[in-house]
Amino acid sequence: MNTNNTQPPSNSLQHIVIVGGGAGGLELATQLGHTLGRKGKARITLLDRNRIHIWKPLLHEVATGTLDTGTESVSYHAHGARHGYQFELGELTNVNLASKTLTLAPRRNAEGETLMPPRSLEYDTLVLAVGSISNDFGTPGIQTHCYMLDSHKQAGRFHTALIDQFTDIHQNRPGDSLRIAIVGAGATGVELSAELHRVTELLRSYGMAGMSRHQLEVTLVEAGPRVLPALPERISTAVTRELRELGVSIQTAVMVSAADEQGLQTKDGSRIDADLMVWAAGVKAPDFIRQIEGLGLNRPNQIIVNDFLQANNPDGEPLKDVWVIGDCCAFTMEDGSQVPPRAQSAHQMASCVYKNILNERENKPLKGFKYHDHGSLVSLSRYSAVGNLMGNLSSKSMFVEGNLARLFYVSLYRMHQLAIHGKFRGAIIVVLDWLTRVIKPKMKLH
């Protein structure tokens, strides 16, 4: 296969392929590129179906238009050239573990015309970092009538529909309300609910003087007993209070049984009428993983790994040349619980696999993975933030909210930028990002 290599191709060089350019995959490609790729010690290839990287926790801002992908995205091609790895645009459909070969789907343009037929890519070491997608649990109508926020493209489609709805109300139906139903009160659903109310305030300053957040009816639907069911109850209580003050209608212990053009049908026979619907309930690894023979999987398609983050086969034996990081990784901790699908998990896994790949090359012992929970933070747009921070010296956590919590929340993204760009360039990007936010409109209106 012809690719643009940062080093001259050599069959003698170890070929490390990382599938998935999310938080963990991109950080790992950057680290390996610096240590091995730049020095000609190995070929590092990052494979992704998209050309650009957007930090996934920010997709709710892409969906509302308060974050511009043009300024916040990272081009894999340009980033790879700068950091010692090569980028391959493609979508993984299968892996032959015996022959160490990846099968990539044909590439098509927007009209469906084939630009490149199915092809294969060989590897010596494989890292699967394919992330996760929303799990609709087979609920009828969800795929047809609901928006998902699994990628920047999906978030962009919702943004277009949202602006179209607001424009229609402003021009043709002044005074009418826009009804939005969000299924799933995890971090994505909660943050999107708050960000939507900020959008209606911004619209007034951009010429839609008749708009107000009172014309936005957001219903947040959760099957569990409370919002943010995976986080401590104190955080859930604080977030519930803040959302209700914004005007969000919260319906807990409600199961959605179907979706149609007019809204959602619930298991108890009632309806939630909506103009736009977002499904943010449940996560699973991409379905194509089940097509890969020889991997041990759990129910939501995640790949079961050993203590070193090597993939297990169905018999529980490690596949020494296959590593797994991020949301698609099923790592069981000492207490029997699973590592949660968060950006901090992907970051820690990437660091562990980076060290283990280097240790393996030098015939050193592998490092066991230990997950350190540094706490959880939830942003409620510019209104507030809520979360808990875990101390390094004890198991106790510190509850934070308001401006302090928002400062910590923003710092998480800044740390990611420093990890993938380096301290000097990352600091410049942070400053430029701040200047851009001051100069440019606070909302994308197209």
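A residue is called buried when its relative accessible area is under 20%. The legends below describe close-up views of a predicted model.

**Figure 1. Helix H1 and its buried residues.** Helix H1 covers residues 23-37. Buried within H1 are Ala23, Gly24, Gly25, Leu26, Glu27, Leu28, Ala29, Thr30, Leu32, Gly33, Leu36 and Gly37. Because 12 of the 15 residues of H1 are buried, the helix is largely enclosed by the rest of the structure. The end C-alpha atoms of H1 lie 19 Å apart, which agrees with the 21 Å that its 15 residues should span at 1.5 Å a residue.

**Figure 2. The largest nonpolar core and a second, separate core.** The largest nonpolar core holds 55 residues, and the members that touch the most others are Leu28, Leu32, Leu102, Leu126 and Leu309. Helix H9 (residues 343-361) supplies the largest share of this core, namely 7 residues. A separate second core has 46 residues, among them Ala23, Leu149, Leu216 and Val218. In soluble globular proteins, nonpolar side chains tend to be buried together.

**Figure 3. Surroundings of Leu32 and Ile44.** With neighbours within four places in sequence left aside, Leu32 is in contact with Ile16, Ile18, Gly37, Ile44, Tyr354 and Ile357. Ile44 belongs to strand S2 and is buried, its relative accessible area being 2%. On the same exclusion of sequence neighbours within four places, the contacts of Ile44 include Ile16 and Ile18, the H1 residues Ala29, Leu32, Gly33, Leu36 and Gly37, and also Gly84, Tyr85 and Gln86. The C-alpha atoms of Ile44 and Ile18 are 7.8 Å apart in space, although 26 residues separate the two in sequence.

**Figure 4. Helix H4 and the glycine that follows.** In helix H4 (residues 76-83), the buried residues are Tyr76, His79, Gly80 and His83. Viewed down the axis of H4, these buried residues fall within an arc of 100°, so they line one face of the helix. An α-helix has 3.6 residues a turn, so residues three or four places apart point the same way. Just after H4 comes Gly84, with a positive phi of about 90°.

Figure 5. The loop between H1 and strand S2 (42-48) contains Gly40. Gly40 has a relative accessible area of 26% and is therefore partly exposed.

**Figure 6. Two residues other than glycine with positive phi.** Lys100 sits in the loop between strand S6 (92-96) and strand S7 (101-104). The phi of Lys100 is near 55°, a positive value in a residue that is not glycine. Lys100 is partly exposed, at a relative accessible area of 24%. Phe137 is found in the loop between strand S12 (133-134) and helix H5 (142-145). Although not a glycine, Phe137 has a positive phi of about 55°. With a relative accessible area of 56%, Phe137 is exposed.

**Figure 7. Ala161 in helix H6.** Ala161 has its place in helix H6 (residues 152-172). The relative accessibility of Ala161 is 12%, so this residue counts as buried. Apart from neighbours within four places in sequence, Ala161 is in contact with Tyr147 and Leu276. Ala161 and Ala63 are 98 residues apart in sequence, and their C-alpha atoms are 9.6 Å apart in space.

Figure 8. The model contains 2 cavities of 30 Å³ or more.

**Figure 9. The chain as the setting for the close-up views.** The chain has 11 helices and 27 strands. Of its 446 residues, 50% count as buried. Among the contacts between residues at least 6 apart in sequence, 65% join residues at least 24 apart.

Note on methods
Residues numbered from 1 in each chain as written. Predicted model: local features only at pLDDT ≥ 70, side-chain atom pairs only at ≥ 80, totals over all residues. Heavy atoms only, no water. Buried < 20%, exposed > 50% of the residue type's maximum accessible area, 1.4 Å probe, protein only. Arc of directions from axis to C-beta. Core = buried A, V, L, I, M, F, W, Y, C linked by side-chain atoms within 4.5 Å. Contact = heavy atoms within 4.5 Å. Expected span 1.5 Å × (residues − 1). 1 Å grid on protein atoms, 1.4 Å probe; cavity = no way out; pocket = protein on both sides within 12 Å on 5 of 7 lines; lining within 4 Å. Points joined across faces, edges and corners; volume = space filled by probe spheres on them.
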